[in-house]
Amino acid sequence: MPEKDLYQVSLKLILKNDQGEILILKSLDDNGVFSGFYDLPGGRIDDNEFNIDFTDILKREVAEEIGEVKVSIVNKPVALGRAQSHRLNSRGTYSRVLYVFFEADYHAGDITISEEHLAYKWIKLDDVKIEDYFVSGILEGIKMYLDL
């Protein structure tokens with residue numbers, strides 16, 4: 001019988017502005033499979049956040065990654081994606097991540113990216129070839145989101 005797989009969970013935000021664009025974050029050059037591609041605001045759930053609402057976790061991640069901006073998050077997932085890390089974990093296997101995507105509206109505030117990303121930009125998903133911007137589980141989730 002196969003062993004059950006273990007996944008880390010990462011919450012991602014599809015943050016839209018008034019023009020229908022979404023905010024994307026340029027990945028670091030040393031970020032494995034994501035090098036040269038873009039990410040979305042969000043991140044993994046910390047071990048002390050088990051009983052915290054997903055929207056509150058996303059608000060923490062938003063503040064860490066793009067600064068003190070005003071957003072309204074819909075408390076209902078809109079897509080899923082999966083990825084495998086390029087780094088070995090403590091079990092000697094590659095960590096796997098389940099991405100859970102939420103939608104949100106950007107209202108105000110200056111975008112101030114953290115050292116986790118190189119740059120940011122706003123794009124209209126319908127106007128670009130998404131494979132030029134996203135890979136792996138982020139691409140899978142964006143495709144699912146567009147199929148809604």
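Author: Contact here means heavy atoms within 4.5 Å. The model is predicted.

Reader: What do the buried residues of α2 pack against?

Author: They pack against five strands: β1 (7–16), β2 (22–27), β3 (38–39), β6 and β7.

Reader: Which residues of helix α2 are called buried, and why?

Author: Helix α2 covers residues 136–146. Its buried residues are Gly-137, Ile-138, Leu-139, Gly-141, Ile-142 and Tyr-145. Buried means under 20% relative accessible area, so each of these residues falls under that cut-off.

Reader: What makes Ser-95 count as buried?

Author: Its relative accessibility is 11%. The cut-off is under 20%, so Ser-95 qualifies as buried. Ser-95 sits in strand β7.

Reader: What is Ser-95 in contact with, leaving aside its neighbours within four places in sequence?

Author: Its partners are Gln-8, Ala-83, Gln-84, Ser-85, Arg-87 and Asn-89.

Reader: What makes β6 and β7 a pair?

Author: Strand β6 spans residues 79–88 and strand β7 spans residues 94–108. Pairing needs at least two bridges, and these strands have seven, so they count as paired. The sense is antiparallel. Ala-83 stands opposite Val-97 in β7.

Reader: Which residue takes a positive phi in the hairpin of β6 and β7?

Author: Gly-92 does, with phi near 85°. Five residues lie between the strands of this hairpin.

Reader: What pattern does the protein follow along the sequence?

Author: The order is β-β-β-β-α-β-β-β-β-α. That gives two helices and eight strands.

Reader: Why is the protein called as compact as a globular protein of that length?

Author: Its radius of gyration is 15 Å. The globule rule gives 15 Å for 148 residues. The two values are close, so the protein is as compact as a globular protein of that length. Along the principal axes, its C-alpha atoms fill a box of roughly 50 × 35 × 35 Å.

Reader: How many of the contacts between residues at least 6 apart in sequence join residues at least 24 apart?

Author: The share is 69%.

Reader: How many side chains are positive and how many negative?

Author: There are 17 positive and 27 negative side chains. The centres of the two sets lie 5 Å apart.

Methods. Residues are numbered from 1 along each chain as its sequence is written. This is a predicted model: local features need pLDDT of at least 70, side-chain atom pairs count only at pLDDT 80 or more; totals for chains, interfaces and linings use all residues. Side-chain values use heavy atoms; hydrogens and water are left out. Helices (H or I, at least four residues) and strands (E, at least two) are DSSP runs, numbered from the N terminus. The radius of gyration is taken over C-alpha atoms; the globule rule is 2.2 Å times the number of residues to the power 0.38. Lys and Arg count as positive and Asp and Glu as negative; His and the chain ends are not counted. The place of a charge is taken as NZ of Lys, CZ of Arg, CG of Asp or CD of Glu. Buried means under 20% relative accessible area, exposed over 50%, partly exposed in between (1.4 Å probe, protein chains only).
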